Amino acid sequence: MTSHSDVHICPHCGQEVPPMEIEVLGRKRWVQPICECEKQAKMEEINRLVRAKEENEVRELFSISNIGDKYLNASFENFEVRPGSENAYKIAKHYAEHFEEYGPESIMIWGEPGNGKTHLAAAVHNHLTKHGKVVVFISMPELLNKIKATFNYNNKETEQQILKALNICDLLIIDDLGAEKTSDWVQETVFTIIDGRYRRQKPILATSNIRPADLIDKIGNRAYDRILEMSQPIENKATSYRREIAKQRLSKFDEILRGE
């Protein structure tokens, strides 16, 4: 039992915290309260441990392998800024470097396939991950397949676990939004994912090969309204880099065939 003569010294601010007398079931007892800053420190430690546990859960469900070997080293430094991609590059880079300032504001980079949208999204992922942020990077078709796999009784992951991870990560990057084959289940699931982030004021970075106005037929009215409210669409107007590489490759073979 704490004595009324004991004096507790707060280890954080050094102030004396005297014991106080209370009555419990008709009997008076001396108890030792703690300083407000000590209480705050304990709460911060509890929150830190809870946050660490949640981060581990996210990383277990969505490992770095989801980004693919091709984009493991993607950065803004090794992105080839071609005509038409300048604005998408500048905004993606600023978004990554000033992520905290954007808060819940989301962006959607759209344009024709193969013009560097995924590289920019991966560069954002890699930059934020290096700075301690928990980022999930996954294509929408792959994400839907991951959720579908939970319907298998033997699957070790549950739909609830996946949706929770998508809700608590610092940034959710959805690559190829609208590339999924549509159905009532797909539209409902896409809405659940986007709405979960919306309600928690958490940002999304999406890439799409489809014009924003045409996404409504793919993801449904409700998901479209949510993503439109949350996001600033940015068009990457560059032509397909893959097609340019293919043309260069074909040109080399033509030279060989001509004997040049």
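Predicted model: local features only at pLDDT ≥ 70, side-chain atom pairs only at ≥ 80, totals over all residues.

Me: Why is glutamine 201 called exposed?

Reply: Its relative accessibility is 53%, and exposed means over 50%, so the label applies to glutamine 201.

Me: What is said about the phi of glutamine 201?

Reply: The phi is positive, about 60°, although glutamine 201 is not a glycine. Aspartate 176 also has a positive phi of about 60° and is not a glycine either.

Me: Where is aspartate 176 found, and what makes it partly exposed?

Reply: Aspartate 176 is in the loop between strand E7 (171-175) and H7. Its relative accessibility is 25%; with buried under 20% and exposed over 50%, that value falls in between, so partly exposed is the word.

Me: On to the rings. Why is the pair of phenylalanine 76 and tyrosine 89 called edge-to-face?

Reply: The structure holds five aromatic pairs, and this is one of them. The centres of phenylalanine 76 and tyrosine 89 are 6.2 Å apart, within the 6.5 Å limit, so the rings pair. The planes are at 70°, and over 60 counts as edge-to-face, so that is the name.

Me: What does the pair of phenylalanine 76 and tyrosine 89 tie together?

Reply: Phenylalanine 76 lies in the loop between helix H1 (36-61) and helix H2 (86-97), while tyrosine 89 is in helix H2, so the contact ties together parts 13 residues apart in sequence.

Me: And what makes phenylalanine 79 and tyrosine 89 a stacked pair?

Reply: Here the planes are 5° apart, with 5.8 Å centre to centre. That angle is under 30 degrees and the distance is within 6.5 Å, so the pair counts as stacked. This one also links distant parts of the chain, with phenylalanine 79 in the loop between H1 and H2 and tyrosine 89 in helix H2, ten residues apart. Ring pairs link Phe76, Phe79 and Tyr89 into a cluster.

Me: How do you know that phenylalanine 79 and tyrosine 89 are buried?

Reply: Buried means under 20% relative accessible area. Phenylalanine 79 has 9% and tyrosine 89 has 18%, so both get the label. Phenylalanine 76 is buried too.

Me: Now the charges. Why is the contact of lysine 146 and glutamate 157 called a salt bridge?

Reply: The N to O distance is 3.4 Å, and the rule asks for a side-chain nitrogen within 4 Å of a carboxyl oxygen, so this pair qualifies. The count by this rule is six salt bridges.

Me: Are lysine 146 and glutamate 157 buried or exposed?

Reply: Buried: lysine 146 has a relative accessible area of 17% and glutamate 157 has 16%, with the cut-off at under 20%.

Me: What makes glutamate 188 and arginine 222 a salt bridge?

Reply: Their closest N and O atoms are 2.6 Å apart, within the 4 Å limit. Glutamate 188 sits in helix H7 (residues 184-199) and arginine 222 in helix H9 (residues 221-230), 34 residues apart. At 40% and 45% relative accessibility respectively, glutamate 188 and arginine 222 count as partly exposed.

Me: Which ring does arginine 222 lie over?

Reply: Arginine 222 lies over the face of phenylalanine 191, at 3.9 Å from the ring centre. Arginine 226 lies over the face of tyrosine 198, at 4.1 Å from the ring centre.

Me: Which residue forms a salt bridge with arginine 226?

Reply: Aspartate 195, with the closest N and O atoms 2.7 Å apart. Arginine 226 and aspartate 195 are buried. Salt bridges that share partners join Asp195, Arg199 and Arg226 into one network.

Me: Last one: how much space lies in the largest pocket, and what lines it?

Reply: About 390 Å³. It has 20 lining residues, and the closest to its centre are Tyr71, Gly114, Gly116, His119 and Tyr241. The lining divides into six nonpolar, seven polar and seven charged residues.

Methods. Residues numbered from 1 in each chain as written. Heavy atoms only, no water. Phe/Tyr/Trp six-rings, centres within 6.5 Å; stacked < 30°, edge-to-face > 60°. Helix = DSSP H or I, 4+ residues; strand = E, 2+ residues; numbered from the N terminus. Buried < 20%, exposed > 50% of the residue type's maximum accessible area, 1.4 Å probe, protein only. Lys NZ or Arg CZ within 6 Å of the ring centre and 35° of its normal. 1 Å grid on protein atoms, 1.4 Å probe; cavity = no way out; pocket = protein on both sides within 12 Å on 5 of 7 lines; lining within 4 Å. Points joined across faces, edges and corners; volume = space filled by probe spheres on them. Nonpolar A, V, L, I, M, F, W, Y, C, P; charged D, E, K, R; others polar.
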